[in-house]
Amino acid sequence: MANQDRSDRVRWLIEELGLDYRDHYLKRKNGDLNSPRYLALNPTGRVPTIVDNGKVIYESGAICLYLADKYRHKKELAPAFEADERADYLQWMVWSVASLECVIARMFTHVSTEAEKAETHAFVKKQCEIFQRALNPILEKQEYILKSGFSAADIMLAAVIPGAWDYLVEPNPAIKAYMTRLMQRPAAVKTRVFEVPDMSGH
């Protein structure tokens, strides 16, 4: 993990699954992400990356899909392959990063002038109105994105949604209640998912 990365969802899921793990803090300014040792694990020099019994995996979405399936015997955070909800689960796991996150990320990257900032925020606000049409009908009826209850898909969504809090959460009581439930989960609190990690001592 490193500053401003996507390890939050991975750490949260690992904690929910009750797995033993060890965090490794990497500092870009120290060259940790471009060290030969790290590049041997992840040639893109990005985080997160996990090593699970010798198996190396990077990309937060892929990591979460892998962990939720492999460790279903610990806690069922992914529908079984034959379950009707499996398709819905995969849809939301991918939607979180492919549709939602790629839009929200625009507010934090490559915005150098006030005009660009205003234009970008207007775009994100309009997109969030579309996203509400997907989320609200579901979250107005049930506590989690799947009828069966809490899953890794909720972790993926909750890790991304706060980036557009003013546009996606505040105007929508159902989404706000959903986020409140998720932010209060003990595993999320323990792994400090919704806090900026203190990297000063590492």
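Contact here means heavy atoms within 4.5 Å. Keep that cut-off in mind, and note that the model on screen is predicted: local features need pLDDT of at least 70, side-chain atom pairs count only at pLDDT 80 or more, and totals for chains, interfaces and linings use all residues. Residues are numbered from 1 along each chain as its sequence is written, and side-chain values use heavy atoms, with hydrogens and water left out.

**Whole chain**

Start with the protein chain in cartoon view. Its secondary structure comes to nine helices and two strands; helices (H or I, at least four residues) and strands (E, at least two) are DSSP runs, numbered from the N terminus. Followed along the sequence, the pattern is α-α-β-β-α-α-α-α-α-α-α. The radius of gyration, taken over C-alpha atoms, is 17 Å, close to the 17 Å that the globule rule gives for 202 residues, so the chain is as compact as a globular protein of that length. That rule is 2.2 Å times the number of residues to the power 0.38. The C-alpha trace spans about 50 × 45 × 25 Å along its principal axes.

Of the 202 residues, 45% count as buried. Buried means under 20% relative accessible area, exposed over 50%, and partly exposed in between (1.4 Å probe, protein chains only). Among contacts with a separation of 6 or more, 60% join residues 24 or more positions apart.

**Helix α6**

Select residues 152–160, which make up helix α6. Nine of its nine residues are buried, so the helix is largely enclosed by the rest of the structure. Now show its surroundings: the buried residues of α6 pack against α1 (7–17), α3 (60–70), α4 (86–104) and α8 (173–183).

Next pick Ala153, in helix α6. What does Ala153 touch, not counting residues up to four places away in sequence? The list is Tyr89, Trp92, Met93, Ser96 and Ile145. Ala153 counts as buried because its relative accessibility is 0%. Draw a distance from its C-alpha atom to that of Tyr167, 14 residues apart along the chain: the separation is 21 Å.

**Gln132**

Tyr167 comes up again at the next stop, as it is one of the residues in contact with Gln132. Leaving aside neighbours within four places in sequence, Gln132 also contacts Pro137, Leu168 and Asn172. Gln132 is found in helix α5 (residues 114–139). Is Gln132 buried or exposed? At 16% relative accessibility, Gln132 counts as buried.

**Cysteines**

Colour the cysteines. How many disulfides does a search of the whole structure find? The search finds zero; a disulfide is a pair of cysteine sulfur atoms within 2.5 Å. Cys128 is in no disulfide either, and the nearest cysteine sulfur, that of Cys102, is 11 Å away. Cys64 counts as buried at 1% relative accessibility, and Cys128 is buried with a relative accessible area of 0%.

**Surface patch**

Finish on the outside. Select Leu41, Val51, Val56 and Tyr58, which form a nonpolar patch on the surface with about 290 Å² of accessible area together. Patches are made of residues with over 30% relative accessible area and no salt bridge: like charges are joined within 9 Å, nonpolar side chains (Val, Leu, Ile, Met, Phe, Trp, Tyr) within 5 Å. A salt bridge is a side-chain nitrogen of Lys or Arg within 4 Å of a carboxyl oxygen of Asp or Glu. Accessible areas come from the Shrake-Rupley method with a 1.4 Å probe; for residues, only the protein chains shown count as cover. Val56 is found in strand β2 (residues 55–58).
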